[in-house]
Amino acid sequence: MYSIKKTTATQFTPATTSVSAQVKLDGRHHGIPACLQRLAAMTGLLLLSPFLLVLIALIKLESQGPCVYKQVRVGKLGRRFTMYKFRSMYMPEDPRFRNPDPAQSDREGVCAKYRNDPRITRIGAFIRKYSIDELPS
């Protein structure tokens, strides 16, 4: 009735591609000139500055501490860059600061994420929801 053919499985080997063939690593910029990128970034910051100033004022009115802090991140090809962020949490010195309950965490260890984190300010919840808290430099 039915015949079953015995076949041997072949190993899958993906095509080898070199990262250096896709990305030029000669230290030069390939794309939009850096001066035009900086001009566009400055224009964007000037247009957004009234909104950012209002945001800074709201953060300062709601809680104690600095409104902006910086963080070093790792980007493409391991390149480090500085990220400026609006503060979205109460500082430990603030009287409204409360430590979260570890049982409310979705994750373990350093990357704990709390469902209802009591450290997040009201304005902080808004800027996190709409991803306004991060400004790349």
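Me: Hi! Is Arg-122 buried or exposed?
Reply: Arg-122 counts as exposed, with 71% relative accessibility. Exposed means over 50% relative accessible area, buried under 20%, and partly exposed in between (1.4 Å probe, protein chains only). Bear in mind that this is a predicted model, where local features need pLDDT of at least 70, side-chain atom pairs count only at pLDDT 80 or more, and totals for chains, interfaces and linings use all residues. Residues are numbered from 1 along each chain as its sequence is written, and side-chain values use heavy atoms, with hydrogens and water left out.

Me: Which side chain does Arg-122 meet in a salt bridge?
Reply: That would be Glu-62, at 3.4 Å from N to O. A salt bridge here is a side-chain nitrogen of Lys or Arg within 4 Å of a carboxyl oxygen of Asp or Glu.

Me: Which parts does that pair tie together?
Reply: Arg-122 lies in helix H3 (residues 122-129) and Glu-62 in helix H2 (residues 34-62), so the contact links parts 60 residues apart in sequence. Helices are DSSP runs (H or I, at least four residues), numbered from the N terminus.

Me: And is Glu-62 buried or exposed?
Reply: Glu-62 counts as buried, at 9% relative accessibility.

Me: Switching topic, how many salt bridges are there in the whole structure?
Reply: The search finds three. Among them, Arg-119 pairs with Asp-117 at 2.7 Å, N to O, and Asp-117 is buried at 12% relative accessible area.

Me: What about Arg-96 and Asp-94?
Reply: Their side chains form a salt bridge too, at 3.4 Å from N to O. Arg-96 is partly exposed at 40%, while Asp-94 is buried at 3%.

Conventions:
Helix = DSSP H or I, 4+ residues; strand = E, 2+ residues; numbered from the N terminus.
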